[in-house]
Amino acid sequence: MKNEAPHGPERRGFRHRLRELRVTLWTLIVPPSVWAVHFLFCYLWVAVSCAKLGAFPRFTTAFVIGTAVAEAIILASGWIAWVQTHTPGDPAPHDQGTDIDRLRFLAVSTLLLAGLSFVAVIFTAVPALMLTDCR
Amino acid sequence: MSLHAQDDPALRAAQEERLREVWKPPTGWFFRWTDTNNNQVGVWYTLTAFGFMLFAGVLAMIMRAQLAVPENDLVSPATFNQLFTLHGSMMMFLFAVPMFEAVSIILLPQLLGARDLPFPRLSAFGYWSFLIGGVFVSGSIFFNVAPDGGWFMYPPFTTRTDLSGLGADIWMLGLSFIEVSSVAAAVELIVGVLKCRPPGMRLNLMPLYAWYILVVAVMILFAFPPLIAGDVLFEMERLLGWPFFDQAKGGDPILWQHLFWIFGHPEVYIVFLPSIALFAMIVPTFARRHLLGYPWIVLAAVGTAFLSFGLWVHHMFTTGLPKISLAFFSAASEAVAIPTGIQIFAFIATLWAGRVVWSTPLLYVTGSLAIFVIGGLTGVMVAIAPFDWQAHDTYFIVAHLHYVLIGGTLIPLFGGLYYYWPLITGKKLSDRLGRTAFWFLFAGANLTFFPMHFSGLLGMPRRVFTYPAELGIGGLNLASTIGSWVFAAGVAIVCVDLALSPRREKSPRNPWEAGTLEWLAHPDDEDWGIRSVPLIESRYPIWDQKDFVKKVDEGRFFLPDAEEGRRETIVTSVLDARPVQVVRLGGPSIKPMLTAIALGSVFILTTYHLYWAALVGAVVTLGMILLWLWTGTAEIPEKDCKPIGHGIELPLYISGASASGWWAMFITMMADATAFSGLVFGYYFFWTRHEDFPPSGAGLDGPGAFWPMVALAVSLAGWLMTIGARETNRRGMVGAARALLALGAVASLAAIGAGLAGPWLSGLAPKLHVYPAIVWTLVIWTTAHAGVGAIMQLYTLARSVAGKMTPKYDADVRNITVYQHFMALTAVVTYATIGLFPGAA
């Protein structure tokens, strides 16, 4: 049995591995934590630049990169969660005390939090990209 | 005839008798107060918080009477300052937060089918701390020394001892003491939700109340400690003259505003979410269906918790911060409306989809939602910086915050009171009085606070003791005052209803026909909490699981007996609630009360500058805590395992990451690390505010790199030796473990000396400037922690020598290792900051 190649096409095998990931309370809070880090990054960088250099950070592209990285992580965790919500099992409403339903519950919650965090990161990024001075 | 042993009525009666004996409350006029059972302590806690609410409400009535007509002189300006400060502080610190903890201490074990929360003595300690601190703070108004600087206590008026009296110290020290009890309760509630659920209650079957409480308790861990850090700096300035907020010596009052509002804004959600949690229990019961969108509610709770920490600066929009900073916080303030809206729509949808039973508690829920939504809408308005610049510090804000807090906290709690009263007393409250009271409260709240939007926009500032007639706001204020009396009449009707309760008849069991576990409680409740700990297969087991109540009552589930005469409950795994341990709970004891008195004496004596007496109090407190730990924790059981029924045997002792004690240490240290990061934030905040930070000159030169690095090295040595002691002990090398513990204690003590040597030898003068002051503060914090680390290492050594810790029963050394991990992190941050930061060396 061991070292046997996975059945079916490679794509399905990857999705299968995603479903096998260990999902915990810690993975649930990945998307909002990314929002928090992005938020602090934007706020502290602007605050320190303005206070110590007396000028708005010259590399506004850094905000673009930072925002893109944050959104990419949120999208990735959202996508993993999306795959996990489609774990086959008994039909909706998925509120039984089974392993699969617990996985689905954490996945749906993570997916929803990813959606909220995605929007919230955009909310934070907009002023960083539109306002460009320290007043 | 079943083969099940529980079919034997005699056996069941004998079990019940044993359980009754074990959970019997102590008797006697004094010793009855030493009980630690949650359903006793929770009731005392709730009544005390309710009493403080009534008291703070009376203060508000006096204020409204003063403001009823222009140029009134009912109270003096000085008294008025004390009235609004105490009203705000009491409602927040002595009512809203403790009330959520009190209600949770009653409800949570019932909801989780546990006999009690994991640390009942900690709950009792929290209660006594709360009572002592609360009486101390609120009683100050009778001696005309109540705090008078507003509930936010902005420096510099409050830190300058020539401008503010004893009241500021009473606020700081009294409320710091209460924050200790809040953090204690948060630890209890988090570990309770994570580790004391009944078998089978996986994360996706947890009652939503438990989800909310988990989220809120975690928020407390990250919100309260920054305020504790702020309190430390504040009292250092007031009592020792260290200039943290004094502009003339490099300090900055804005730092206080940051630390206060990092606490203060999440605080609003800390008091709002538990009330929403009550909705999440009440709505499904009266909609007669499962709550719609369970994961959506969890999203809303967790999302709100996170976003609420990105809002604090919206209280500081007018302090002159850069507009770009305001924009970030404005964005987060707008974003938090999303999860808040989602949970309200989930409740509306559930009511829509259900067969609604129009009861009194549901009336309160719907009415409070209406009030809360108005407050939420004005919240979106003031989250927009240009509007806030106009409305800031006017009665518009008073209107907004009261709409939020009355709709989001107070009226839901009254709804919860009507809903859960049968659970506590076995008797229902009067529907007629309840509905009458509701309409008084609803009309009163709107009549009081709606006109304030207009008086604010017309230019009435907050916190003024009177106003001129020419302003044209006399009519609006009179309406507000009349409204406040209507509201008070509503509260009085509720009180009458409560007072009549003892004369009423018992109601049937589960009078609302709810589906969740807490309604297993019997009208003639026994003190054991739950007859047998059930196996859970559904979110609403009473509705969905066959013969559920009967099986629980007949002891057909787990742990139906107390053979060894000990209070016990089941500990389960975090994700899937698989049973892992039977934990022995602390019974009635006088130690929690005495510890609270000793700790209270430290805070209260310091307020009156009686430092030597306070030091004695601190030593007594330490002694009490050690005695408590020595006699009440990590007890080696008389046997390894015990059966809990259905052929399952569980260990009586576990250590490490699956034990509740380990979690308690981990969670406490999260709070500690958060407070520490508040202090570190202070250091870097001053660095951004000053061109020459760190400064140089006599008394200002930094501690250099040498001594901080020595201190760091010995701190890390103490940490490694503790890890070594854990590992050698685990492998049975007890002698080596003891040696490492002893050496670790020596290293920790050396870290104190080396840590203090840096600023001492470089002659840093903390009264001179904020730089020496913040360096000394970081060093004192870190070395004090090293001292506590040494005490823990010596304590563990003593446990090992006394045979209370062995290679197999090693919870003590595992728990102090968690402390040492955080200690090492603290040392790295402190000594790198003061020794290596550019310019510091």
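**Disulfide and cysteines in a predicted model**

A: The torsion about the S-S bond of A:Cys50 and A:Cys134 is about -80 degrees, so the disulfide is left-handed. A disulfide here is a pair of cysteine sulfur atoms within 2.5 Å. This is a predicted model, where local features need pLDDT of at least 70, side-chain atom pairs count only at pLDDT 80 or more, and totals for chains, interfaces and linings use all residues. Residues are numbered from 1 along each chain as its sequence is written, chains are lettered from A and ligands numbered from 1 in the order in which they are written, and side-chain values use heavy atoms, with hydrogens and water left out.

Q: How many disulfides over all chains?
A: One, from a search of the whole structure. The sulfur atoms of A:Cys50 and A:Cys134 are 1.9 Å apart.

Q: Where do the two cysteines of the pair sit in chain A?
A: A:Cys50 is in helix α3 (residues 30-53) and A:Cys134 in the segment after α5 (99-130), 84 residues apart, so the pair links distant parts of the chain. Helices (H or I, at least four residues) and strands (E, at least two) are DSSP runs, numbered from the N terminus.

Q: Is A:Cys50 buried or exposed?
A: Buried, at 14% relative accessibility. Buried means under 20% relative accessible area, exposed over 50%, partly exposed in between (1.4 Å probe, protein chains only). A:Cys134 is partly exposed at 23%.
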